Amino acid sequence: METTQKADPVEPAAKIVRQTSQFKRWGRKHPFVRYGLPLISLTVFGAVGLAHLIQGSKEVTKEKEDMEWEVVETTKALSRTGPVEGAYKPKKLSLEDELKALQQKVDINNYDYKRIPRPNEK
């Protein structure tokens with residue numbers, strides 16, 4: 001006669017319940033492992049992750065600056081020592097000329113008072 005043992009479906013569930021109760025008991029005995037270790041690990045891994053993200057952002061910014069510098073170099077507008085002669089000539093401005101031009105556009109002695117309507121007077 002062959003005897004076949006059938007697995008009792010209640011036994012694995014009881015085993016899981018027993019393990020969870022042991023884990024809860026262990027957590028009560030060692031509160032640092034239950035509360036402190038997750039908090040510290042979250043802080044450390046968060047700092048490492050943020051440092052990694054910031055480093056990537058810095059690399060992208062550096063690449064953009066390098067590309068802009070290459071464009072400036074190819075147009076020969078600037079060299080490493082400053083503006084190149086003949087490539088870029090800014091218009092010379094004086095404050096007196098700008099003031100005279102503005103005074104010709106706007107007459108501050110001739111104006112009209114205009115009342116601004118209030119929101120409820122429409």
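The legends below describe close-up views of a predicted model.

**View 1. The fold of the protein, read from one end of the sequence to the other.** The protein contains three helices and two strands, and along the sequence these elements follow the pattern α-α-β-β-α. Of the 122 residues in the protein, buried residues make up 2%. The accessible surface comes to about 12,800 Å², and 60% of that surface belongs to carbon and sulfur atoms.

View 2. An unreviewed UniProt entry lists residues 35–54 under "transmembrane region", a label that comes from the record.

**View 3. A nonpolar patch on the surface.** Phe-23, Trp-26, Phe-32, Val-33, Leu-37, Ile-40, Val-44, Phe-45 and Val-48 form this patch, and together they have about 930 Å² of accessible area. Helix α1, which spans residues 10–29, and helix α2, which spans residues 31–75, each supply at least two residues of the nonpolar patch. The helix that gives the most to the patch is α2, with seven residues.

View 4. Is Val-48 buried or exposed? Val-48 counts as exposed because its relative accessible area is 52%, and a residue is called exposed when this value is over 50%.

Methods
Residues numbered from 1 in each chain as written. Predicted model: local features only at pLDDT ≥ 70, side-chain atom pairs only at ≥ 80, totals over all residues. Heavy atoms only, no water. UniProt positions renumbered as here; feature names shortened; annotations may be inferred. Helix = DSSP H or I, 4+ residues; strand = E, 2+ residues; numbered from the N terminus. Buried < 20%, exposed > 50% of the residue type's maximum accessible area, 1.4 Å probe, protein only. Areas by Shrake-Rupley, 256 points an atom, 1.4 Å probe, with all protein chains shown as cover. Patch = residues over 30% accessible without salt bridge, like charges linked within 9 Å, V, L, I, M, F, W, Y side chains within 5 Å. Salt bridge = Lys/Arg side-chain N within 4 Å of Asp/Glu carboxyl O.
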